[in-house]
Structures are given as structure tokens and as C-alpha cells.
Amino acid sequence: MPLTENDQQKQQASKSGNGKKKTLVALRNAITYFTDARSSAKYRGNLNLHLALENIEQSSRSSGLTPPHILKLVKSITTGKWTEIVSSRLIRSLIPAAHVPHNAVVFAVSSLSAKNISDNMKCLFVRWMVLIYEYVDNKDTLHSLYGILFLFLDSDILCVHICRLLYLMTQRGDVKQYRVRKLLDIQSKVGVQPHIMALLSVYKLYSPNMVTVSSRIGNQSYFKQSDQKWAQIIHLVQEKNKRLNEDEDEAEDANEPSSRALDVHQPRKRRKLDVIPVLETIDRNERVPQSVKSLRKRMVPLEQIENFKQLLQNIDVVVLPNRIASILQSPHLYHVLTLFPDKTIAPRLSYWIHVSLYREIIAYPKSGENPKATALLQVITDFTDHLQESIPVCEWFLNQYLHTWNGLDYRIHILNLITRMPICSFEKMNDLLLEPLRKLYFCSGVYFKCLLLWCFTELLRNLMSVEVPRHRRAVAKQQETNIAESTILLNDTIFGQQTEQISTDNTIVEFINFVDNICVVGLQVEKNNALLMSYVLDFFHVTSGLYSRHGFKFLQLPSSPIVKRALYGNSAVFVSKINELLCRYSDEVNLMKESQAEYVDILKEKIPIMNNYVLCVCNALWQSKAFKNAKFQSTLSAIETYLPSSRRANASFSVLLHPALQMFVKKQQELNQTHSTPRTRELAILNSLKSHDLDGIYTFATTFVGRYARK
């Protein structure tokens with residue numbers, strides 16, 4: 001009788017079950033051999049030893065060892081009974097199926113001081129602890145041995161691997177002055193070594209005030225990539241067991257959906273998958289004197305703070321996290337920087353950002369965007385927007401990165417960081433910021449040009465509303481104290497920035513002129529692109545209110561090509577905007593005239609230019625004299641090449657005949673056939689434009705054109 005499909009599946013399951021049982025029995029017998037005191041330690045000709053060793057190696061590389069098996073083998077190895085070859089093979093077979101018991105690690109650490117264990121085996125034990133550190137079930141026990149492990153730095157053989165293990169274990173409470181001095185003493189004896197610098201860099205990350213030596217940024221080259229094959233085997237075993245556990249969980253869900261608990265145990269994940277560290281404020285392994293324990297009971301861990309109100313109520317007793325960068329996880333934790341009196345917070349955070357930016361972006365080995373770097377830049381951007389100030393290390397990063405930036409990677413985040421740049425001399429701004437962006441501007445498409453003009457517009461807003469007032473307050477305070485220095489300390493910044501003695505007005509003027517020049521060339525190259533023209537006029541909309549909003553004592557008008565390209569273009573929106581822009585500049589001039597006499601010299605230079613622009617618009621739109629001026633003869637000859645022969649060139653840009661306004665003019669003429677005189681037609685068109693949100697032309701006419709001026 002043939003077997004059914006279910007019978008075949010049962011037979012296969014029975015065979016696989018029998019195979020697993022045989023494997024487990026063989027592994028149990030092999031471990032028993034090494035734990036039995038009566039077993040022979042002879043290597044040559046000892047068949048039982050070789051069979052037991054091969055069974056352990058095969059089982060560990062296939063499915064890993066359970067915690068009891070690992071503990072038994074570690075105890076057996078630390079007895080010193082076995083030869084170095086056997087011990088090394090056993091240590092390399094300590095591959096965890098799920099996790100490593102902390103007791104096994106304690107036995108391994110105790111063997112470092114044993115005389116019956118060779119130096120090579122001690123070194124191999126430390127290398128094993130580095131590889132399985134993420135899988136230790138209770139890191140608190142291992143961390144309690146931090147001080148003991150630190151003593152083994154004097155060993156030339158163990159020093160490199162001990163540094164790597166301590167690099168993984170270090171917490172804020174481990175950073176002590178005597179440990180920093182010890183590392184510096186070792187460095188003075190053996191020279192600058194990567195593993196010593198690695199540990200110093202972690203200490204500097206937690207306490208920048210203790211470590212004054214400069215360390216290499218990034219950690220890719222601190223430690224050599226040794227034991228890669230060993231680490232890969234451990235990783236593959238963990239992934240295999242993880243998939244098996246997931247399959248078993250799915251099977252249980254299908255068979256018993258109602259019996260599942262909510263808190264299913266998940267395999268331990270690797271550390272540092274997220275760019276922001278986990279918020280951990282309680283250092284359970286830090287040894288605290290008895291006199292301080294009563295005070296610790298009143299302390300509130302930062303992860304228990306849920307809102308800003310709780311932060312204010314507990315600001316005196318809040319405990320800072322072990323890794324200060326973890327405050328970037330939540331916006332309400334940003335206030336820790338401004339409210340907490342500890343002055344070491346800002347340096348610690350600056351150093352972490354410095355290291356992270358270098359490692360994830362500047363020293364990133366692959367081309368294209370790094371997902372971690374994208375998340376990091378987003379966090380930094382949100383943080384700077386909250387503080388309303390630039391972080392000094394971000395300025396360093398931009399100065400390093402912009403010269404090699406392709407304009408594509410991390411585009412939005414880079415431009416957002418640029419908008420928060422502090423005020424400085426224009427020469428410095430041009431060399432470090434504007435010149436690299438200018439090169440990208442002229443070799444990129446119109447979309448990037450628009451983004452860059454948006455960036456410059458936001459930068460100008462930030463400079464005028466935040467940075468320039470901050471600089472003026474710092475200068476005034478310095479003058480009150482009668483301190484003559486070339487640099488100024490900005491005391492109202494979180495990071496205590498320093499800036500040079502500069503004329504902020506000259507910087508703003510030069511910056512606006514720079515943007516004006518690239519706008520003119522950009523419009524010429526892109527043939528008056530409508531999107532680009534919109535961003536150009538938005539920038540000068542900001543410049544037209546600098547005096548009324550910020551007290552800026554200069555009047556920065558757009559250059560003539562920008563005004564005429566908008567006026568003679570084919571967009572009614574831009575014609576309206578340039579009219580509105582001139583009205584805003586006129587209001588600025590009137591305000592400056594009403595103020596002190598110091599603005600007289602400035603107005604003497606700018607008022608003729610302003611009057612020329614107003615006259616140009618009046619002649620074109622209201623006098624039918626668009627090209628009467630001799631300066632426009634070249635423009636007239638170009639216009640006549642595409643205008644109909646029946647239309648006079650000088651009248652072709654009047655309100656009634658302007659190409660950009662023809663849609664509104666014809667519509668109004670169809671609705672109002674009785675309006676026969678030019679003035680009545682013009683009034684009807686003005687009201688029509690105003691109803692279509694083209695207020696600029698109406699405002700200009702009622703301001704500068706006599707027959708329509710407000711009475």
C-alpha cells in the first residue's frame with residue numbers, strides 16, 4: 001500500500017528528530033569527556049579526544065553551543081589541563097547558540113592572572129570576549145570587572161585586545177583622571193598607538209575636560225580587522241538560530257493563536273544600529289560611596305522625564321545620560337542643554353557630533369548616501385533649528401565637505417545646515433562657503449539653482465534676525481567691560497562660540513551683492529526661467545525690508561538686469577512682483593528719510609538708482625515710452641525682431657498692450673465694452689488685476705502715477 005503525503009512527512013520528521021537526538025548525545029558525550037577529571041589529556045594517538053573535539057567543533061559551527069555547555073567548556077579550559085592546541089580549538093568553538101552566560105566570562109577573566117595558562121591562550125580568551133561581548137546575558141557582571149581588566153594594559157601581549165574590550169565596555173562612570181594618566185604614560189613609553197588613542201577617544205567623548213590630547217577622528221582605523229572568519233561564523237550561527245526561532249513562533253501562532261503571550265522573547269540585537277545612542281542614565285556598575293547613596297535615591301533618571309513641565313520640576317535632581325548624545329532622541333530633551341548647569345554637556349555633545357559626522361560622511365568608504373548619515377543630519381538640523389544657532393563642529397564639517405560635495409548627496413540637510421551659519425567676515429564666508437556653492441550653482445540645473453537661492457534667502461533671514469543682533473550684543477558687552485580683543489565671545493550661545501571683530505553691515509552688503517551677481521548670470525543662462533525668477537524676487541523681497549524690520553542702515557536694490565527681465569517678461573506675476581518690490585523700497589527710503597541724518601549719504605547714492613527704476617516702469621506701463629531712453633536702443637532692436645510690424649515698440653509694454661497682461665486686458669474689454677477712453681480702460685484693468693491678486697501693479701499706480709495716486 002503506497003504511503004500518503006502525510007505519512008511521508010511524518011517519516012521525514014521522525015528521521016530528522018532521530019538525527020538531532022544523535023547529534024545532541026554525541027555533543028553531550030564530547031563535553032563530558034572534557035569535564036571528566038579522569039579523561040586523558042594526551043593529544044597524540046588519543047582517538048577519544050580527537051573525536052570529542054571534532055564533535056564540539058561541528059556542533060558549534062552548525063547550531064552553536066548552549067549556555068551550560070559554554071560554561072562547562074570554559075571551566076575545563078581554565079584548569080590548564082589541556083595542551084595549547086586543544087585549548088585553542090576549544091576556545092574557537094565557544095560559539096553561542098543564543099547568548100553567553102556571564103559566569104563563563106568571569107572564569108575567562110580570572111584565567112588572565114593564572115600561571116598555568118599560556119599568554120597565547122590568555123590573548124585568545126580576550127579576543128573571544130571581544131567577539132561575543134554583544135551576546136553576554138548580563139553585561140553588568142562583566143562591567144564590574146572593568147577595573148581588573150584595566151590593570152592588564154601593562155601586558156604587551158594583551159594590551160591591544162584589552163583596549164578593544166574596554167572600548168566596548170566604557171561608560172561615563174569609568175572615566176577617571178588616574179586612568180587617563182595611565183593611558184598617557186603608556187603612550188609616552190610606546191608612542192602613539194591606535195588602540196590607546198581609541199580608548200582615549202571614548203574617554204574624551206564622555207569627559208572632554210579630562211582628555212586634552214587631540215585624537216584622530218573616526219574609529220575605522222583604530223583596530224585591525226582581525227578574526228573576521230571567526231566573527232563571521234558567530235554571526236551566521238546567530239542568524240540561523242534567529243530564523244529558526246521565528247519559524248517556530250509562526251508555527252505556534254498558526255496552531256495556538258490565543259495562547260501566545262504578548263512579550264515574546266526576541267534574540268538580542270546588535271548594538272549601535274541606530275545613529276543616536278540609547279538613553280541610559282543609571283550607571284548600575286558605578287561604585288558609589290555610602291554617603292552619596294541617600295542622595296542618589298532622590299535623583300530622577302532622564303528617561304523618566306516625559307514632558308517639559310517634569311523637566312522644569314526636576315531640573316536640580318535630573319541625572320544626565322551616560323552618552324550625552326542620547327538627548328537628541330526627543331525635542332523636549334533639547335532643553336537639557338539650556339537648563340542644566342553642567343558646562344561639560346556642550347563639549348561632550350560637540351565631540352560626539354564631530355566624530356559622527358567624520359565617520360559617517362567624510363570618511364565613509366562607499367559612494368552615495370549613507371542611511372545613518374541621513375538620519376544623523378536630520379537630527380542635527382532639528383537640533384540647530386531648536387537652538388537657533390549653529391554648532392561650531394557643523395561649521396568645521398561644512399568647510400571640509402563643501403569643497404568635495406557633488407550637490408546631490410544629503411542635499412536638503414546640507415542646505416539646511418548652511419542656513420544656520422553664523423556671521424563672519426565676507427572674505428571668510430566667501431572662501432569657506434560661497435565659492436564652493438558658486439561653482440555648483442553654475443554647473444547645475446535650474447532646480448538646484450532655485451534650491452540654492454532659497455538657502456541664501458533663509459541664510460539672510462537668519463543672519464539679520466538672529467546672528468547680527470547676537471553679535472551686536474556681544475560687542476556692546478565687550479565695550480562695557482573695556483576689553484580690547486580681536487575675537488568676541490558670544491555668551492548667549494549654548495556652545496560659547498567665538499567670532500572675530502567685523503563689520504556686520506559690510507558682510508551683509510557684500511553677501512547681497514554676491515547673490516545679486518549670480519542671479520543675473522543664472523537668469524541669463526536659464527533664459528528667464530519662471531521658477532528661477534520667482535526665487536530671485538523672493539530673495540529681494542527680504543532685502544526690501546531690512547531697515548524697517550532689522551534696522552539695517554543700507555539700501556540694497558536689485559541690479560538693473562533683474563528689474564528689466566521681470567518687467568519685460570511674459571509673466572503677469574513677475575510684472576506685479578517687481579512693481580510691488582519698488583513700492584517696498586520706496587517705503588524704506590521714506591522711513592530712512594524720517595530718521596537720523598546718518599542715512600543722508602546712503603540715500604544720495606541709492607535714490608537716483610531707485611528713481612531710475614521707477615521712471616523705467618512708469619515709461620513702460622503708463623507712458624508708452626518703454627524704449628525712449630538711449631540706453632535701451634540695443635534692447636529696442638532686439639524687441640523689433642519678433643514684435644508685429646503693426647505694433648509700435650515703445651507702446652508694446654503699456655498696461656493695455658503688455659504681452660503678460662493680455663489675458664486680463666482682453667477679458668476686461670469683453671466685459672466692459674462701454675469703456676472707450678484709455679484712462680477708463682486702464683482703471684478697469686487695474687481693478688481686474690487687483691481682483692486676481694496682482695496687487696503690485698495697482699499699488700505702484702496709486703503710489704507713483706499722478707492720475708491714479710491716492711489723495
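Asn528 lies in the loop between α22 and α23, in a predicted model. Its phi is near 55°, a positive value in a residue other than glycine. Asn528 is partly exposed because its relative accessible area is 30% (buried means under 20%, exposed over 50%, partly exposed in between, with a 1.4 Å probe and protein chains only). Helices (H or I, at least four residues) and strands (E, at least two) are DSSP runs, numbered from the N terminus.

Residues are numbered from 1 along each chain as its sequence is written, and side-chain values use heavy atoms, with hydrogens and water left out. Because the model is predicted, local features need pLDDT of at least 70 and side-chain atom pairs count only at pLDDT 80 or more, while totals for chains, interfaces and linings use all residues.

**The α22–α23 loop and helix α23**

- Lys527 is also placed in the loop between α22 and α23, and has a positive phi of about 55° although it is not a glycine.
- With a relative accessibility of 71%, Lys527 counts as exposed.
- At the start of α23, a side-chain oxygen of Asn529 comes to within 2.9 Å of the backbone nitrogen of Leu531. This is a polar contact (a pair of N or O atoms within 3.5 Å; within protein, one must be able to donate a hydrogen and the other to accept it, and residues adjacent in sequence count only if both atoms are side-chain atoms).
- Helix α23 covers residues 530–543, which is 14 residues, and reaches 20 Å from its first C-alpha to its last, close to the 20 Å expected at 1.5 Å a residue (the expected span is 1.5 Å times one less than the number of residues).
- Buried residues in α23 include Leu532, Val536, Phe539 and Phe540.

**Aromatic pairs and charges over rings**

- The structure holds 14 aromatic pairs (rings of Phe, Tyr and Trp, the last by its six-membered ring, with centres within 6.5 Å; planes under 30 degrees apart count as stacked, over 60 as edge-to-face and the rest as tilted).
- The rings of Phe34 and Trp82 are edge-to-face, because their planes stand at 70°, with centres 5.0 Å apart.
- This pair links distant parts of the chain, 48 residues apart: Phe34 is in helix α1 (residues 5–35) and Trp82 in the loop between α3 (67–78) and α4 (84–92).
- Phe34 counts as buried at 2% relative accessibility, and Trp82 counts as buried at 6%.
- Phe456 and Phe511 form another edge-to-face pair, 5.7 Å centre to centre and with 85° between the planes.
- Phe456 belongs to helix α21 (residues 446–481) and Phe511 to helix α22 (residues 504–525), 55 residues apart; both Phe456 and Phe511 are buried.
- Phe456, Phe511, Phe514, Phe539 and Phe540 form one aromatic cluster.
- Lys139 lies over the face of Tyr133, 5.4 Å from the ring centre (NZ of Lys or CZ of Arg within 6 Å of the ring centre and within 35 degrees of the ring normal).
- The charged end of Lys449 sits over the ring of Tyr441, at 5.5 Å from its centre.

**Helix α17**

- Helix α17 (residues 371–387) has 17 residues and reaches 25 Å from its first C-alpha to its last, close to the 24 Å expected at 1.5 Å a residue.
- Among the buried residues of α17 are Ala373, Leu376, Leu377, Ile380 and Phe383.
- The buried residues of α17 pack against α15 (335–339), α16 (345–362), α18 (392–401) and α19 (411–418).
- Gln388, with a positive phi near 60°, follows α17.

- Ile305 is in the loop between β1 (300–301) and α14 (308–313), and is buried, with a relative accessible area of 5%.
- Beyond its neighbours within four places in sequence, Ile305 is in contact (heavy atoms within 4.5 Å) with Val300, Gln310, Leu311, Asn314, Val318 and His332.
- Gln662 is in helix α29 (residues 662–671) and counts as buried at 19% relative accessibility.
- The side chain of Gln662 reaches the backbone oxygen of Leu657 at 3.4 Å.

**Confidence**

- The chain averages a pLDDT of 79, and 79% of the residues score at least 70 (pLDDT is the predictor's confidence in each residue, from 0 to 100).
- Over residues 283–296 pLDDT stays under 50, and the model has 15 contacts beyond four places in sequence for them.
- pLDDT also stays under 50 over residues 632–647, with 16 such contacts.
- Where pLDDT is low, the predicted coordinates should not be read in detail.
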